[in-house]
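Before reading on, please look over the chain from one end to the other. The paragraphs below start from a single residue and then widen to the whole model.

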Amino acid sequence: MGSTWNGLGDDSSSDGSKDLPRAMMDEFFVGKIDTATIPSKTTYTPPKQPHYNQDKTSEFIIKLLQFLVPLAILGVAVGIRFYTKSA
């Protein structure tokens, strides 16, 4: 904000183009920042993580099988097709 005010120097140009920005700055100026109300440093507190449940190994096995069984079926089908085609 200070650099904006500095840019609006008292040098008047020949076409008066600096009058409009100065008027707008005066119109929309709401005040100065009170640095006493800004905290100097905030402490970071990490978010709470849920406790890891060790009993989820059966769910992992089920998900793994849901992925591997269709791949195994596809592999067997391709193998049978390749074997019967070459014979």
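In which helix does Leu-71 lie? Leu-71 belongs to helix α3, which covers residues 57-86, where helices are DSSP runs of H or I with at least four residues, strands are runs of E with at least two, and both are numbered from the N terminus. This is a predicted model, in which local features need pLDDT of at least 70 and side-chain atom pairs count only at pLDDT 80 or more, while totals for chains, interfaces and linings use all residues. Residues are numbered from 1 along each chain as its sequence is written, and side-chain values use heavy atoms, with hydrogens and water left out.

Because its relative accessibility is 44%, Leu-71 counts as partly exposed, a class between buried (under 20% relative accessible area) and exposed (over 50%), judged with a 1.4 Å probe and protein chains only. In the protein as a whole, 2% of the 87 residues count as buried.

As for the fold, the protein holds three helices and zero strands, in the order α-α-α from the N terminus on. Confidence, expressed as pLDDT (the predictor's confidence in each residue, from 0 to 100), averages 79 over the protein, with 76% of the residues scoring at least 70; it is lowest in helix α1 (residues 2-7), at a mean of 54, and highest in α3, at 91.

An unreviewed UniProt entry lists residues 60-83 as "transmembrane region", although such annotations may be inferred rather than shown by experiment. In the model, the span of residues 60-83 is 100% helix and 0% strand, and its end C-alpha atoms lie 34 Å apart.
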